[in-house]
Amino acid sequence: TKIPDITVMEAVCDGEEPEVVTQACLLSEFSEKGEARALINSLPDIHHDPVSREATIEKFVVIMDRYQEQPHLLDPHLEWMLNILLEMIRNEKSPPLMVHLCFKFLYIISKVRGYKIFMQLFPHEVSDVLPVLDLLCRQDPKDTETWETRYILLLWLSMTCLIPFDLSRLDGHLSTDPGLNRESIMDRILAVAKSFLRVSDKSRDAASVLVSKFVTRPDVKLKRLGDFLDWCLTTISQTSEITMEGTVTLDGALQSLAQLFKHGKRDDFLQYAPTVLQCLNQKRIAESNQATLRKLGVKVVQRLGLTFLKPRLAKWRYQRGSRSLAVNLAQSSVTGSVEATKTDLESVSQEEDYDIPEDVENIIEQLLVGLKDKETIVRWSSAKGIGRVTGRLPKQLADEVVESVLECFSFQETDNAWHGGCLAFAELGRRGLLLPSRLSDVVPLIIRALTYDEKRGACSLGSNVRDAACYVCWAFARAYEPSELKPYVNQIASALVIATVFDRNITCRKAASAAFQENVGRQGTFPHGIDIVTAADYFTVGNVNNCYLTISVYIAGFEEYTKSLIDHLVHMKVNHWDGVIRELATKALHNLTAQAPEYMANTVLPQLLPMATGLDLHRRHGAILACAEITHALYEIATQKNRLHPIHDITGVSESFTVQSNKTDTQLLPFYTLIWFSLVFFFSVCGLIEKLSLSKMPFKDDPVITGWQWLIDDSLKNLHLFSSGARRGIQDSALSALAALCRQYYQVEPGVANVEIQYLSALMSPEVLTRCGCALALGSLPPFMIRGKLQKILPGLQAACKVVQKAESQTEARRDAATAMSQVCVAVGVCAQGSPDRVLCEGNIRPVYEALLGCMNDYSMDSRGDVGAWYVHMPPWRCILVLQNIVQRMMCCLVQQAAEKIDRYRAHAGTVFLRLLHSIDPAVPHIPHREELLRNSLNWNAASQAFPHITQLLRLHQYQYHTLLGLTVSVGGLTESTVRYSSQSLFEYLKGIQQDATVLQQFGDTLLCIFRDNLRNDRVSVPLLKMVDQILANGCFELFTSEESHPFCVELLALCKEEIKKSKDVQKLLSCVAVFCGMVQFKGDVRQKVLVQLLMLLCHPFPVIRKTTASQVYEMFLTYDDVIDDEQVLADVMASLSDTNWESDIATVRTHRNQLCDWLGLPRPILVTKVTHLGN
């Protein structure tokens, strides 16, 4: 099965067709062969440059990694890649760095294609042995940068060792002179192999491959096999795993033994097998703390078992005839089953009676123990060993092995044993060693394994068990004839369907889906298999909500699966440890009720009601929610059938559920005081209240309603006692329950309530969260409870919306009060001449607008940032049902929000603005400049699209103030994209009005008005100063510079001086310095006054202000060369500004500042008794 990558899964989630996505995952050829060839050919040119070298390696890795799952596509191209790289390696002129780089590329290729295939392509002539061996001997085993070279050379040497010639021929005539001792080729290779078996990098794996190829040669095994095995056993016996070096050495020795016993002939190794097994038993590898060593120990043990047993095919094994899917499907559609083909095994193997060595029992025992190991790699290796060894045992002994594996499924065993047992059964079934007679014992255990889940602390165990059980089902589908599995079809099909749609783990759901699909294709006997496979394929089961709420409903439409799905939810998922799964299970039960309403009413509900009062908290939570959901679903079903008393018409539901519910709630009342210790229980009770109310259960005037109301009221008024993470959920569930409860049980007759509203007094509570809960409670009340009390409710909510200066932050309370006011207005409706106590009318609409528009101007700040922006997402247009002259103010406020800096609020305000503008039924009257505003909607969320349209509103007089106010915050903000697009749009607008003195004057007056209205309001004034600096720097007021002491610049200077008076805000002061420097372009007395202000700032108490002012004044004189006419004075001033250390003490700085005043002809600032921030 092709496993898609993450991008494919994201594409499916975005709604793309699975077929198209699947095709995109599959590659048809090595399409990057040209790029790969270019990269390989570029190695001589880039090997000396580290940056280019790393970039080339990275590109090649990216190309190769695409073929990890389809490496066979590389096969036609492996030879030319290998030849090019080997040619560079063999070239005597190639520097060592390039040689190592070539070997790195060879390793990348071998990693993708696999060393077993790739090593076969290496040249293996006799002439290659010595060069490869010599090059390998010259390598430094401790060089961590060149391990790929050693790895590839070891594989290459392994290949050359397969040449059928006597190695002694390469030795020539060894010198007999004792002073000229020379090792033989055989000894050299063995020495190299032993040395690399002790290294800690991957070349150790290649060394074990070399050993398996070399030591098993006919000429070597005669002389060196015994010695090498003795070296391995000595190494194992004398090495301790306590140190890292010892672990690495043991790893190499065990790998060598495993490879030797795997590739060597049985006759050669049988005599050594008992000794090796005895050594391993004494070393107790199975008790090692290192998982890798335990895995290698299992591999060696199973190979020893295969050595003890004669190689043969068991005559008794089960064989399935046809393995063709097309044949299976074709024959199953005609006959329903395929007869097994009995192969004559007499020609393959004769059943021989021989004694099984006693060591085999020890080996099987070790493999069975390995099935329970805590690491998956050990269990998996043990399972494969069980399968291999069992295949060579007589039928009776093999059956004993199966019996031993069955013991892994005891409830006293851990999840590790269950997982190992599943893997073992899959291997036995796949090899035909699990006979059909044993299926009656195995299938029930596998069915239980498919739902294995055990809670441990904050997590659960068992997902690997369920995944392995799916693998067993997949293996059985391929191993057995349909007739053999026919008695178990319904059990397996139901269990796989349950795992497919209801398993918590996504990998298990996908594994179950794959196993179900395999059974449908191979067996052809699963009920409605094709339909289910289509609905629950690999991709669709990826979303757990989709599985529980959609796919399960479709599958439950087939009666073979309906009750099993429902029963699983009731017995396994309603009491699940994960609260999300419990809630999904109850929602799934709601959706499944339509498939079996009688079964739900008569069987499921009686089972759930006692669980609702049990001691298990998880079980109680799930059962209460399930009762609520099923009851509501039964009500909806009966309502659809137009029954007079829907719940009563479901057989037995009314009487039994009413009695049990009263009993349940009576028993639950003592637990209400314990709710503070159990949030999940609280959520379930609120859900129960809501669903029973929606189901119109006959509890009117029942005492239990008082208990429910107390629970809701107490929770809303004490939200501050809960943890911050649970408050929102508690509030939402309580409000939903309150709304349903009031609609059903508090209306004595149409439009008349029999209960007093208790939440008004809490709107002024000192607890913020109490205000929030009670305000939203008022908003959730049904209309019949609000009418007649509107003159109390609206003023209370309006008061809660007001911003109180210098008071504790009540932002959340104001936000929720505004939300509630919106909900109340929508609930009561509008009647222009109606009663102010019952509906929105001319008598009470204005305060509502005043409160909502006041919220839009709340820019409160705290440690969480701009908390006042929370109001902007309030939808005021929902309450705009009666419009008066306040429409203009409302539209201007929306324009201001649409021009501000936060994208999501700008988008929301723009959307509301356009809705009001384009509203037809009814049309909103009194919108200023309606005709000019009518245009298509745009993406207000994107600054690049929104601001060019927003700035056009500056042309409309009635919108200019608020539009410019919003733009001020955006242009002078911090977000780079917002600043760029907003300022660009503003300057485009100003460029268009440069020659129109009237329009430019109007813009300037509006700008000064905003400045005047927001003096010392840092949220606006600081961004405004930054915006004015940009406007001046871009020469947008050049028209004013021709007039001396233009009123605009005079007023601007006065406002700037007032803004920074006694200010210690560094950012504000720096922004004002920049504005002063830009104002020098205006002529007349203003210029002299601006220079005085700048010179006073040169003696500011803050060194950073003095230094920055000097720097900006220096740049100012460079930019505006007409400020100083005398070139010598200009040179002296520039020199003083640049050479003076303006961070020195005030006395020193004042001397230089006074000198500047004299040069510029300006009066020296006079030191007053009370020092101000502007000078001394």
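At what angle do the axes of helix α41 (residues 790-801) and helix α43 (residues 845-856) cross? They cross at roughly 20°, and the axes come within 9 Å. This is a predicted model, in which local features need pLDDT of at least 70 and side-chain atom pairs count only at pLDDT 80 or more, while totals for chains, interfaces and linings use all residues. Residues are numbered from 1 along each chain as its sequence is written, and side-chain values use heavy atoms, with hydrogens and water left out.

## The chain as a whole

The protein chain has 58 helices and 6 strands. Helices (H or I, at least four residues) and strands (E, at least two) are DSSP runs, numbered from the N terminus. Of the 1176 residues in the chain, 53% count as buried. Buried means under 20% relative accessible area, exposed means over 50%, and partly exposed is in between (1.4 Å probe, protein chains only). A contact means heavy atoms within 4.5 Å. Among contacts between residues at least 6 apart in sequence, 73% join residues at least 24 apart.

## Packed helices

Two packed helices are described by the angle between their axes and the distance between the axes. Axes are lines fitted to C-alpha atoms, for helices over the stretch in contact, and angles run from 0 to 180 degrees between N-to-C directions. Angles under 35 degrees count as roughly parallel, over 145 as roughly antiparallel, 65 to 115 as roughly perpendicular and the rest as oblique.

The axes of α41 and α43 cross at roughly 20°, which makes α41 roughly parallel to α43. The crossing of α41 past α43 is left-handed; this term applies if the near helix is turned anticlockwise from the far one by less than a right angle, and right-handed applies if clockwise. On the α41 side the contact is made by Leu794, Gln798 and Cys801, and on the α43 side by Pro847, Val848, Ala851 and Cys855. By class, the residues of this contact of α41 with α43 are 6 nonpolar, 1 polar and no charged. Ala, Val, Leu, Ile, Met, Phe, Trp, Tyr, Cys and Pro count as nonpolar, Asp, Glu, Lys and Arg as charged, and the others, Gly among them, as polar.

Helix α39 (residues 768-780) packs with helix α42 (residues 811-828) at an angle of about 5°, their axes being 8 Å apart. α39 is therefore roughly parallel to α42. In α39, the residues that meet α42 include Val768, Arg771, Cys772 and Ala775. Among their counterparts in α42 are Glu812, Ala813, Asp816 and Ala817. The contact of α39 with α42 has 9 nonpolar, 4 polar and 3 charged residues.

A further pair is helix α13 (residues 218-238) and helix α16 (residues 273-283), which pack at an angle of about 10° with axes 10 Å apart. α13 and α16 are therefore roughly parallel to each other. Leu233, Ile236 and Ser237 in α13 meet Thr275, Val276, Cys279, Leu280 and Lys283 in α16. The contact of α13 with α16 divides into 5 nonpolar, 2 polar and 1 charged.

## Salt bridges

Side chains of opposite charge can pair when their charged atoms come close. A salt bridge is a side-chain nitrogen of Lys or Arg within 4 Å of a carboxyl oxygen of Asp or Glu. The structure holds 34 salt bridges, including those in the table.

| Residue | Partner | Closest N and O atoms |
|---|---|---|
| Glutamate 413 | Lysine 372 | 3.2 Å |
| Arginine 438 | Aspartate 441 | 3.0 Å |
| Arginine 815 | Aspartate 816 | 3.1 Å |

Arginine 815 and aspartate 816 are both buried. Arginine 438 is buried, with a relative accessible area of 12%, whereas aspartate 441 is partly exposed at 35%. Salt bridges that share partners join Asp399, Glu403, Arg438 and Asp441 into one network.

Glutamate 413 forms a salt bridge with lysine 372. Glutamate 413 lies in the loop between α21 (395-406) and α22 (415-430), and lysine 372 in the loop between α19 and α20 (376-390), so the pair ties together parts that are 41 residues apart in sequence. Glutamate 413 is partly exposed at 24% relative accessibility, and lysine 372 is partly exposed with a relative accessible area of 37%.

## Two single residues

Threonine 160 lies in helix α10 (residues 147-160) and is buried, with a relative accessible area of 2%. Not counting residues up to four places away in sequence, threonine 160 touches Pro123, His124, Asp128 and Val129.

Glutamate 365 is found in helix α19 (residues 358-370) and counts as partly exposed at 46% relative accessibility. Glutamate 365 and valine 401 are 36 residues apart in sequence, and their C-alpha atoms are 9.3 Å apart in space.
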